[in-house]
Amino acid sequence: MSNDRPLFFQVMQYADRADGDVINMVSGSPDWEPPAALREGLVEYADSEPDAFQYQPSEGLTKLRAEIADRRGVDLEQVVVTNGGAEANYLAMAAALERSGGDEVLLTDPVYPYYPRKAELLSGVPEYVSANADGTLDPALIRDAATEETAAIVVTTPNNPTGAVYDESTMCELVAIAEDVDAILVSDEVYDHFDYSGDFSSALAVDSDHRIVTNSFSKSLAITGFRVGYAVVPHALIDSVKTRHMLVNVAGSRPAQYAVLQALQETEPAYYRENRERMYARIEAFTDGLEQAGAEYTIPDGGFYVLARFPEFPGTLANVEQLIDDTGVAGMPGEAFGSARDEWLRFALLSPRVDEAADRLAEYF
Ligand SMILES: Cc1ncc(COP(=O)(O)O)c(C=O)c1O
């Protein structure tokens, strides 16, 4: 395994150290308020008796697991609360590799960069299938690439970085492929509340012993710092997932899980809708500016990110640094996401200043 720090940290560090005013469009952390009930839950927790400050069940606060199970239409026993979607993805890949005779982990290109790194950490071998030009996935290509060596097929919907949302037939076919080659489909759905197309379909819609769904409250409740996510795991794999989670963490953060439970129970749909609407407005403002800049760009169907390609300005780390120095706009190099979008830059629309950023880019290019 390589010990390189992920490019994300290098870019964040460069942007932090840069002189002048930098509009940060690197990180996937929401810049808006969490639900009021979340803050209230935390404050309430501070006044609890000392025993509430001690270990909770390793697999998570039972009431939170029950709330998740109820919302997702699965058995309580299938839910493990994790330290973010990040840990859920790690546990899912570990379980898939542990049960399989093979060591291949099928990923898409472009890819969320932590997947190949996690696969390698677990002695898995990443293999890539190209996404379509519009970011959607052709399941026939996944079927061609899947073999008895495939332990896991890992997908993200809505997608980071392409913004694609996979429809129901794609998700059904991905589960069917996992069943046919005796692998596990890992469906990372951390952006599920940010579907602008109406086409999002969770892998949970298909009942199967061959899929693990991972999710998180980082994005939906604007709390990337809380580290609360979860995995929905087939009965046959839940013991191994819980054991690994317990051996690594003992348990998750009890106050964070308590506050998330309060937020889930008390937050109205309007909270989620307003956050989506804020994103629509930003997508429109930013892509209007990219049009002025003469860029090619994506209009995401979901998630937080826009990919943009500027003439003769490939998505390298050097160019990202140059853009920070020359315009004060910080994005991510496309080369961080595999080879398919290495001509592109990724911008996270998680700043109220996206229109100003677009103006700066239009002036520069
Ligand atoms: C596709 C994807 N999965 C997982 C994560 C990690 O989320 P969490 O904060 O829940 O660990 C991110 C964060 O940006 C992401 O983009």
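I count a residue as buried if 20 or more other C-beta atoms lie within 10 Å of its own, and I keep in mind throughout that this is a predicted model.

**Strand S3.** I looked up the burial of strand S3, residues 104-109, and found that five of its six residues are buried, so the strand is largely enclosed by the rest of the structure.

**Neighbours of S3.** I then asked which strands pair with S3. Strand S4, residues 125-130, runs parallel to S3 and is joined to it by six bridges, and within this pairing I noted Val 129 as the bridge partner of Thr 108. Strand S5, residues 150-156, also runs parallel to S3, here with three bridges, and in that pairing Ala 152 stands opposite Val 105.

**Ala 152.** I next listed the contacts of Ala 152, leaving out residues up to four places away in sequence, and found that Ala 152 touches Met 93, Ala 96, Leu 97, Val 105, Leu 106, Ala 183, Ile 184 and Val 186.

**The core.** I looked up the largest nonpolar core, which has 110 residues, and saw that Ala 152 is among those with the most contacts inside it, together with Met 93, Ile 153 and Val 260. Helix H4, residues 84-99, gives the most to this core, with nine residues.

Key
Residues numbered from 1 in each chain as written. Predicted model: local features only at pLDDT ≥ 70, side-chain atom pairs only at ≥ 80, totals over all residues. Core = buried A, V, L, I, M, F, W, Y, C linked by C-beta atoms within 7 Å. Buried ≥ 20, exposed ≤ 12 C-beta atoms within 10 Å, placed from the backbone. Helix = DSSP H or I, 4+ residues; strand = E, 2+ residues; numbered from the N terminus. Contact = placed C-beta atoms within 7 Å. Pairing = 2+ DSSP bridges.
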